[in-house]
Amino acid sequence: MRKHHSSRTDHHLIHHQTLEQDTPEALLLDGNAYEEEQHSEQRTPAQPLTHCSAVQAVTRFYRFFSLREGQASTSEFVWGMAWSCCTTLGIFMLTAWMHTQVMADVVSSFFRVLYMLMIYCAPAWFIIHIMPTFSLLRRFFNGRV
């Protein structure tokens with residue numbers, strides 16, 4: 001006769017019995033330790049990187065996308081904003097040019113598929129870049145205002 005996996009069932013029952021009590025310990029067992037998560041997610045403020053190259057600035061643009069504490073150097077700010085503005089403008093200009101080509105009805109069906117992909121990707125690109133751009137602005141003006 002086969003033996004049932006009682007340890008799994010026992011753990012399952014113990015877990016549900018503990019959670020029915022609705023105590024702070026039960027919440028910790030379930031993984032809802034909000035205060036512990038909040039303390040572990042605190043990051044050190046960004047330090048300004050003087051003489052920042054374009055590659056370093058773009059890397060820091062994405063790495064510190066949600067970090068509003070700290071500072072950004074002028075070179076990091078200029079390169080980061082240039083990246084954000086030029087790429088976003090480029091994506092939207094490419095989408096507009098593709099639109100004119102599709103409306104003129106001189107393109108293949110493959111080009112139309114690419115155009116539809118751009119229609120969906122352009123707003124996503126903009127939304128994804130809003131937070132890092134505002135974070136960079138905040139870090140740049142932290143020590144200056």
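Visitor: Where does Asp105 lie?
Guide: Asp105 sits in the loop between H5 and H6. Helices are DSSP runs of H or I with at least four residues, strands are runs of E with at least two, and both are numbered from the N terminus. The model is predicted, so local features need pLDDT of at least 70 and side-chain atom pairs count only at pLDDT 80 or more, while totals for chains, interfaces and linings use all residues. Residues are numbered from 1 along each chain as its sequence is written, and side-chain values use heavy atoms, with hydrogens and water left out.

Visitor: What is phi of Asp105?
Guide: Phi of Asp105 is near 60 degrees. That is a positive value in a residue other than glycine.

Visitor: Is Asp105 buried or exposed?
Guide: Start with the cut-offs. Buried means under 20% relative accessible area, exposed means over 50%, and partly exposed is in between (1.4 Å probe, protein chains only). Asp105 has a relative accessible area of 55%, so Asp105 is exposed.

Visitor: What about His51?
Guide: Phi of His51 is near 55 degrees, again a positive value in a residue other than glycine. His51 is in the loop between helix H3 (34-40) and H4. Its relative accessibility is 76%, so His51 counts as exposed.

Visitor: How many helices and strands does the protein have?
Guide: There are 6 helices and 0 strands. Read from the N terminus, the elements run α-α-α-α-α-α.

Visitor: How is the packing of two helices described?
Guide: By two values: the angle between the axes and the distance between the axes. Here the axes are lines fitted to C-alpha atoms, for helices over the stretch in contact, and angles run from 0 to 180 degrees between N-to-C directions. Take helix H4 (residues 54-63) and H5: the angle is about 75 degrees and the axes are 8 Å apart.

Visitor: How should I class that angle?
Guide: Under 35 degrees is roughly parallel, over 145 roughly antiparallel, 65 to 115 roughly perpendicular, and the rest oblique. H4 and H5 are therefore roughly perpendicular to each other.

Visitor: Which residues in H4 and H5 meet?
Guide: Contact means heavy atoms within 4.5 Å. On the H4 side are Ala54, Ala57, Val58, Arg60, Phe61 and Tyr62. On the H5 side are Glu76, Trp79, Gly80, Trp83 and Ser84. Now the classes: Ala, Val, Leu, Ile, Met, Phe, Trp, Tyr, Cys and Pro count as nonpolar, Asp, Glu, Lys and Arg as charged, and the others, Gly among them, as polar. The contact of H4 with H5 divides into 7 nonpolar, 2 polar and 2 charged residues.

Visitor: At what angle do the axes of H4 and H6 cross?
Guide: Roughly 100 degrees, and the axes come within 9 Å. H4 and H6 are therefore roughly perpendicular to each other. H4 contributes Arg60, Phe61 and Tyr62. H6 contributes Trp125, His129, Pro132, Thr133, Leu136 and Arg139. By class, this contact of H4 with H6 has 5 nonpolar, 2 polar and 2 charged residues.

Visitor: Which residues are in the largest nonpolar core?
Guide: A nonpolar core is a set of buried Ala, Val, Leu, Ile, Met, Phe, Trp, Tyr and Cys residues joined through side-chain atoms within 4.5 Å. The largest here has 6 residues: Phe61, Ala72, Phe77, Met81, Leu136 and Phe140. Helix H5 (74-103) and helix H6 (109-142) each supply at least two residues of this core. A second, separate core has 5 residues, including Met98, Val102, Tyr115 and Met118.

Visitor: With which residues is Ala72 in contact?
Guide: Leave aside neighbours within four places in sequence. Ala72 is then in contact with Pro48, Leu136, Arg139, Phe140 and Arg144.

Visitor: Is Ser135 buried or exposed?
Guide: Ser135 is buried, at a relative accessible area of 1%. Ser135 lies in helix H6. Not counting residues up to four places away in sequence, Ser135 touches Phe64, Phe65, Ser66, Leu67 and Arg68.

Visitor: And Asn142?
Guide: Asn142 also belongs to helix H6. Asn142 is partly exposed, with a relative accessible area of 35%. Asn142 and Arg68 are 74 residues apart in sequence, yet 8.6 Å apart in space, C-alpha to C-alpha.

Visitor: How many disulfides does the count come to?
Guide: A disulfide is a pair of cysteine sulfur atoms within 2.5 Å. By this rule the count is 0. Cys52 is buried at 4% relative accessible area, whereas Cys121 is partly exposed at 45%.
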